[in-house]
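Look at the structure first, then read on.

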Amino acid sequence: MTQTSFTDADVLRARIAARIAAGLTERADDLPHDISERLRIAREQALTRARAVRKEAAAESIVAVSGGSAVRGGPPWWQRLAVVLPLVMLVAGLVLIREHDHREQVLAAADIDSVLLADDLPPAAYSDPGFAEYLKTQQP
């Protein structure tokens with residue numbers, strides 16, 4: 001049979017089921033309590049079986065689509081590496097940026113220290129309030 005005939009058969013089954021369900025629903029109020037309870041339990045069991053069949057069908061389709069990798073225990077090592085590699089590269093980049101920034105701060109402080117130490121004034125003169133006034137008056 002072709003796929004189209006399966007689809008037609010499914011549609012026909014669904015129509016018949018809908019008609020039967022409609023007929024049963026119309027006459028459900030006239031049934032005694034014990035029969036309506038047995039029917040309710042039978043419906044719940046049917047729904048449970050239908051859910052189990054759907055889950056099995058979904059699991060089979062997942063295994064078929066994945067090419068059997070779910071049976072072997074997961075994706076191959078190179079796919080796991082492809083997932084983890086961007087995270088490793090991000091962390092490595094952040095560490096390198098932090099180290100570069102720290103090195104630049106150390107070099108800037110070293111330049112300032114070398115200028116201060118090479119100057120004729122002692123370092124204590126820079127903290128003197130009078131020296132700041134002296135610098136302001138000496139500006140051209």
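## The largest pocket

The model is predicted. In the lining of its largest pocket, 6 residues are nonpolar, 2 are polar and 2 are charged. The lining consists of Ala21, Leu24, Thr25, Arg27, Ala28, Leu31, Ser36, Leu39, Ala42 and Arg43. The space inside this pocket comes to about 260 Å³.

Which helices each supply at least two residues of this lining? They are helix H1, residues 3-27, and helix H2, residues 33-66.

## Overall fold

How many helices and strands does the protein chain have? There are 5 helices and 0 strands. Along the sequence, the pattern therefore reads α-α-α-α-α.

## Helix H4

Helix H4 covers residues 77-118, which is 42 residues. At 1.5 Å a residue, helix H4 should span 62 Å. The C-alpha atoms at its ends are 59 Å apart, so the model agrees with that expectation.

Helix H4 also has a kink of about 35° at Val84. The kink lies shortly before a proline, Pro86.

## Surface and burial

The protein chain has 140 residues, and buried residues make up 3% of them. Here a residue is called buried if its relative accessible area is under 20%.

Key. Residues numbered from 1 in each chain as written. Predicted model: local features only at pLDDT ≥ 70, side-chain atom pairs only at ≥ 80, totals over all residues. Heavy atoms only, no water. 1 Å grid on protein atoms, 1.4 Å probe; cavity = no way out; pocket = protein on both sides within 12 Å on 5 of 7 lines; lining within 4 Å. Points joined across faces, edges and corners; volume = space filled by probe spheres on them. Helix = DSSP H or I, 4+ residues; strand = E, 2+ residues; numbered from the N terminus. Nonpolar A, V, L, I, M, F, W, Y, C, P; charged D, E, K, R; others polar. Expected span 1.5 Å × (residues − 1). Bend = angle between axes of the 7 residues up to and from the residue. Buried < 20%, exposed > 50% of the residue type's maximum accessible area, 1.4 Å probe, protein only.
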